[in-house]
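Dear colleague,

I am passing on the structure below, and after it you will find notes on what turned up in it. Please keep the sequence and the 3D view open while you read.

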Amino acid sequence: MQLKETKEQGCLIIEIAGRLDVTNSGIIEKKFNDVVEAGEKKIIIDCRNLEYISSSGLRAFLLLVKKVKTIDGILFLTDLQPDIKEVFDISGFSSIFNIVNSKQDAINGMA
């Protein structure tokens, strides 16, 4: 798994590439904790290069959305591949997250 962090129009964008599973979910949980503790309130997770997500990866996302809500922030997931979107749909997570088709849609949703 690879992470890339950028800022655009006041939003923190975290791009995730590769596989998110039990071997690296702790890394992403720490990253998510760090950005919330740093005061980021507008977070976009770009999933266009996310190839696989396990239940431990879903847990990391769930913890993030809960933390963001406690600070009155907003979180968007963008560009989910069909297989990843299906995992979110089957698990019921699609109703928990703001999922949009593109980074620009997410930025527009932050306004």
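**Charged pairs in the helices**

D34 is partly exposed, because its relative accessible area is 35%, a value that lies between the 20% limit for buried and the 50% limit for exposed. Please bear in mind from the start that this is a predicted model. D34 forms a salt bridge with K30, and the closest N and O atoms of the two are 2.9 Å apart. D34 and K30 are four residues apart in helix α1, and therefore about one helical turn separates them. In general, side chains of opposite charge can pair when their charged atoms come close.

R59 itself counts as partly exposed, because its relative accessible area is 45%.

E40 lies in the loop between α1 (25–37) and β3, while K7 lies in strand β1, so the pair ties together parts that are 33 residues apart in sequence.

**How the strands pair**

Strands β1 and β2 pair in the antiparallel sense over seven bridges, and within this pairing the bridge partner of E5 is I14 in β2. The hairpin of β1 and β2 has two residues between the strands, and Q9 takes a positive phi near 50° there. On the other hand, β2 and strand β3 (residues 42–53) run parallel and are joined by eight bridges; here E15 has D46 in β3 as its bridge partner. Strand β2 (residues 11–20) is largely enclosed by the rest of the structure, because nine of its 10 residues are buried.

**Aromatic rings**

The count of aromatic pairs comes to six. One of them is F88 with F93, which is edge-to-face, with 6.2 Å centre to centre and 75° between the planes. F93 and F97 form a pair that is stacked, with 6.0 Å centre to centre and 25° between the planes. Why is F93 counted as buried? The reason is that its relative accessibility is 13%, and F97 counts as buried because its relative accessibility is 6%. F88 is buried as well as F93. Together, F32, F61, F88, F93 and F97 form one aromatic cluster. Elsewhere, R19 lies over the face of Y52, at 4.1 Å from the ring centre.

**A nonpolar patch on the surface**

Finally, M1, L3 and I27 form a nonpolar patch on the surface, and together they have about 240 Å² of accessible area. M1 is found in the segment before β1 (2–8), and M1 counts as partly exposed because its relative accessibility is 31%.

With best wishes

Notes
Residues numbered from 1 in each chain as written. Predicted model: local features only at pLDDT ≥ 70, side-chain atom pairs only at ≥ 80, totals over all residues. Heavy atoms only, no water. Phe/Tyr/Trp six-rings, centres within 6.5 Å; stacked < 30°, edge-to-face > 60°. Buried < 20%, exposed > 50% of the residue type's maximum accessible area, 1.4 Å probe, protein only. Lys NZ or Arg CZ within 6 Å of the ring centre and 35° of its normal. Patch = residues over 30% accessible without salt bridge, like charges linked within 9 Å, V, L, I, M, F, W, Y side chains within 5 Å. Areas by Shrake-Rupley, 256 points an atom, 1.4 Å probe, with all protein chains shown as cover. Salt bridge = Lys/Arg side-chain N within 4 Å of Asp/Glu carboxyl O. Pairing = 2+ DSSP bridges.
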